[in-house]
Amino acid sequence: MDADILTALQEAEKSIFSIVENDSPAIIICAWQGKAAADALTLYSAVQQSLKQNKLSARVEVMQIDGSNLTGLEPVVMLLPAKVTYVNVGEKDVDEIVQKTLRKGKVISRLVFDPNASQPSRRITLEELQALALGQTAGTAAGEQITPEVDSAPGQDPEFNQSITSDSADGEHVSLSPDAAEPAVDGRLPGGEVSGSAPDLGAEAAVPSTPAETGDAVLPEETEELLPVLIPRTLKLFHPKKIERLKLEDRSNIEKGTAESLKAEYTAHETFLAERAAVISGTNAANPDEAEFLTVSELFTKFDDSNSPQNASVGSEPVTGSSETNPETEGHLPQSAGPAEEAASAGTAEEEIPADEQPGTTKENAPGRIIPDTTAAVNKKDLSGIAQALEMATLSDQMAALEKLKSELVSEFSGVTPQITVCAGDGCCAQGALAVFEAFQERIEHFGLGVTVELKKTGCRGLCGQGPLVMLMPATILYVQVKPADAEKIIQETFLKGNVIPSLLYQNPQSGKKILLESAIPFYKLQTRILTKDLSRIDPESIGDYLAVGGYEALAKALTLPSDEIIKQIENSRLRGRGGAGFPTWKKWDVCRKEHSGLKYVVVNGNAADPGSMDDPALMAANPHLILEGLIIGAYAVQATRGFIYVRTQFKSALKQMEKAVEDAYHSGLLGKKILNSNFNFDVIVHLGANSYISGEETSLLNAIEGNWSEPRPRPPYPAKSGLWGKPTLVNNVKTWASIPAIIRNGGEWYAQTGSKKSGGTTLVSLTGPVKNPGYAEVRLGTPLSTIINGIGGGAVHGKLKAVQTGGITGGFVPEENWDVLYDYETLQKAGTDFGSVLHACPENTCIIFRTMHALEEIRDEACGRCSSCRIGIPQMIKLMEYIVNNNSERQDLITLKDLANTVRDSSMCKLGQNASMVVLASMNDYPKEYEAHLRGKCPGGNCPDMVQYRVDPERCTACGKCQVVCPVTAIFEADEEKRMIESSICIRCGYCYNVCDDNAIYYQ
Amino acid sequence: MNVNLNNVDDIIRSYGKNPGGLIPVLLKIEELYGYISEEALSEVSDKLSVPPLRLKKIISFYNTFSFTPKARNVIRVCQGCNCSSGGGQLTAAKISEFLNIKPGETSPDESFTLELVPCQRLCAVGPVVIINDKVYSHSTADKIQQLLSEYDSSEL
């Protein structure tokens, strides 16, 4: 019980504060038996570390307390002299605690024990929960319960806003003294902030300890720091009118335009539902069988019956509760079913329909048989059901069968069950996403919500810098940097009560305000999403999820088309190879198609050679079926019988998901013999590849697959004529293959609309370097570079950016003044660089020569050694550049370097050697001044140790100590109490200190 | 080194029959044992009828493979351009100094192997250090050193 917890906390506080001296700063980690002790151990080292980094001194003590009542709150940390107790402190929080609370005396409200947040978890029994479920989901009752709360919000505006303001800044306005905390209580600031003083805790505990049923009266107070924008238990947005009344934009910490985007999202979701409803009723019309519709509704009843009363009420909720959608759903039925019924001469009996509709089909393929089977297939994890449903129909029926399957799957998940999706991409996993997922799993099980909310892992969504990400569907609210401890609160507040927790929302770095919806976050807003559109809906391991978003419909459509029609569509789409060379995809396909050979191959190039290209592995891991579908369509178009999906062994998750996808596709009859009952046979092997840069080159890739060392082959013959084992082979990049389904489904013209004049569609780019949102994003071709870097990427983390390197490590540099260049093949080439998926942002203090040299070193290590010009030339170029950066060069070296680069470019067989010299030439062309300066012994970039000194301007230095924290070699000392100084003999000229100094006190010359 | 060749046979059975199955077989053996042993090499050579010398040539071409066994704990420090310029280089140097082994080497008590690896595509959360498949994001030399000193010679 939380009252017990509060008393236990108070007692612990009292006992500890009485022993420990109150005046000097101290961090006390409370330990007791079990997990707390283990946590205390980790925390202890983390605190020591952080203190050292922040150059602060404070006592760190581990005290044993009686923690029998505090389970679930460990680790508990108390701070002096602030006299504040933090619970559930993670290692990540330590820095913040040290910096905010210890240094500045500010309370971090999210770490303070909040009796309100955890109250229902302790209090509600299962019966009560059931009662709650029944009460809240019984039709309009939910709306009425919530309305007064929502209405009351504007009425309280002054106080309301005030309290929000103070909350927004992580409690920064809250004074720590007990005296100041008391008015705060009157001003409805319950919970967290108050626990600064023990007596107040007791007072607080009395207020919210009323039973959950009467919680309505207390609700407005409880939710002050929360935004009640969702319908409880559905994760759906309230009606726009209610949202309007919330006056979100008056709340100082919420981004302007939020109400607008909420409304837009609401309407979008409504349209989505209506479309789905149309699909469901539409399939009925195609097979005019009233029983079909009944199957769906029967499904609901079955769903209701088979579950406990609590679940039943939730299950039926979308049918009765969302009154806006359902009239439409039902309205669609008679309209669309009407003409179809006429067409089928109003046939209602099942036996009559096949005779009318499908004269050619045999009895087994009759739709009458399909209907029960598709209902059986509704469990999207049931592969045999899916396979059965697909096998039953003949080729001409495949579209309809897939549509129907889709509608069944859709009605299973999107209309009914709210979802919490945790991003389990590699980036998020590295930051603890799996722990978050497990915490959700545990909490959902704990509350017995397994049926009412679906928990799902999805692939990487690009915003890795903000991970772990948690998305709430269907409202599309994105929580960032979620910790396992937040799972409880998200379930309690957001799912059960419909309140959004602002502290977990994305904060716009420009305005400092919070953004509610995923689509309103600039990172996503500025993207054009075709390939990544459905990532938040798809569990990569589930083929059902992919089918539910319309997956494999393009394949079914393609199988009914002649192959030249498919290639025509691709020509119309102006799709070009996304690997970088930009060769028109259709031409390649056409050449391969026209080859006469019994055996042809198609290959997915998933080598993603360029360092930093996160996009290809991420897409393979997030939506493997999309690539597979594209591959099957391609194989059909060129009549290939075997496909290879080449994945580097280093991309473990991509490999795992691709293998699973291929396996599932075989089980569902989407691969193998007679795909979707056509005469087309196709087999796919997921090929494990070694980690090698050169294998990204088309012909080297073929050698690698054949089991040789991966050297390039001379071209011509091109692989499309003679590739794997001498047979015609179609090699395309991951992104190219992934674009195919959308083109076939919507038509080439549709796809071409999105791109630039010469190349259609979208591509994925990886953003690396010191930008605010590193990760990968989908942009349409022809997006200005500045939009990608400053808009999507969020601009530089510190200071300014000098240039952006496109086309991987061997690409050219685009200086900031040229960032209006459009991201497209031709324009980038004109700007003297390459099209490629990696955009590396270089900070202001980057020495272009130094970086070019590093790129060359990397290329040298990866070169295959076949061409002597590349094998010998690159090390020689590196040597010349070493002379330059070490201040040993003369003008002749530059001439030699240029000559050498030209030779290597002209005499290397593959792109690797050519690009290596290109990067040298490009840097000489774009930054001739830097080379000149180096000849004079100056390095404008500030990386060359012999030419540059980093210094501290004593006039400006405020001794904040940030530079000392980042210096990797501890070369920064305290000149006196007010100033810092840099010791040149230790400094390695990395420039980190320059980048973090807010006072611009560090300079180099 | 006692090498259980049953596993090698299993791998050859499941991957070797595919066209172009040679490199996947070798990669799987590398993944399982941490290196390509002489025994495994001759087994592959026999079963897939590839001359041993050719196998060695292929293996030495790709830097994914190694001929020497690795320690229980493998520390991989990403040297991709983002991680290395973000401090990864220094981290590697510090670990190297701390464990008193050079990159690519195994410590004398066979508890750690230090490897420098190319870009792991985790640039967004870098610099990364991967210890036995567990990724440590935003790592610094100090953090990893602390981690290693706490778990020195015990299982990570």
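Predicted model: local features only at pLDDT ≥ 70, side-chain atom pairs only at ≥ 80, totals over all residues.
Residues are numbered from 1 along each chain as its sequence is written, chains are lettered from A and ligands numbered from 1 in the order in which they are written, and side-chain values use heavy atoms, without hydrogens and water.

**Rings**

I then turned to aromatic pairs. Rings of Phe, Tyr and Trp (its six-membered ring) pair if their centres lie within 6.5 Å; planes under 30 degrees apart are stacked, over 60 edge-to-face, and the rest tilted. I get 15 aromatic pairs over all chains. F813(A) and Y927(A) make an edge-to-face pair, 6.4 Å between centres and 85 degrees between planes. F813(A) is in strand β23 (813-815) and Y927(A) is in the loop between α39 (911-926) and α40 (928-935), so the pair ties together parts of chain A that are 114 residues apart in sequence. Helices (H or I, at least four residues) and strands (E, at least two) are DSSP runs, numbered from the N terminus. Both F813(A) and Y927(A) are buried.

In chain B, Y62(B) pairs edge-to-face with F65(B), at 6.3 Å centre to centre and 75 degrees. Y62(B) is buried, with 2% relative accessible area.

**Charges over rings**

My criterion is NZ of Lys or CZ of Arg within 6 Å of the ring centre and within 35 degrees of the ring normal. K457(A) lies over the face of F437(A), 4.8 Å from the ring centre. K134(B) has its charged end over the ring of Y136(B), 5.0 Å from the centre.

**Helix α37(A)**

This helix runs over residues 868-885 of chain A, 18 residues in total. Its end-to-end C-alpha reach is 26 Å, close to the 26 Å expected, taking 1.5 Å times one less than the number of residues. I list among its buried residues C870(A), I874(A), M877(A) and M881(A). An α-helix has 3.6 residues a turn, so residues three or four places apart point the same way. The cover over the buried residues includes α36 (848-862), α38 (891-907), α39 and α40. Just after the helix, N887(A) has a positive phi of about 60 degrees.

Conventions: Buried < 20%, exposed > 50% of the residue type's maximum accessible area, 1.4 Å probe, protein only. Contact = heavy atoms within 4.5 Å.
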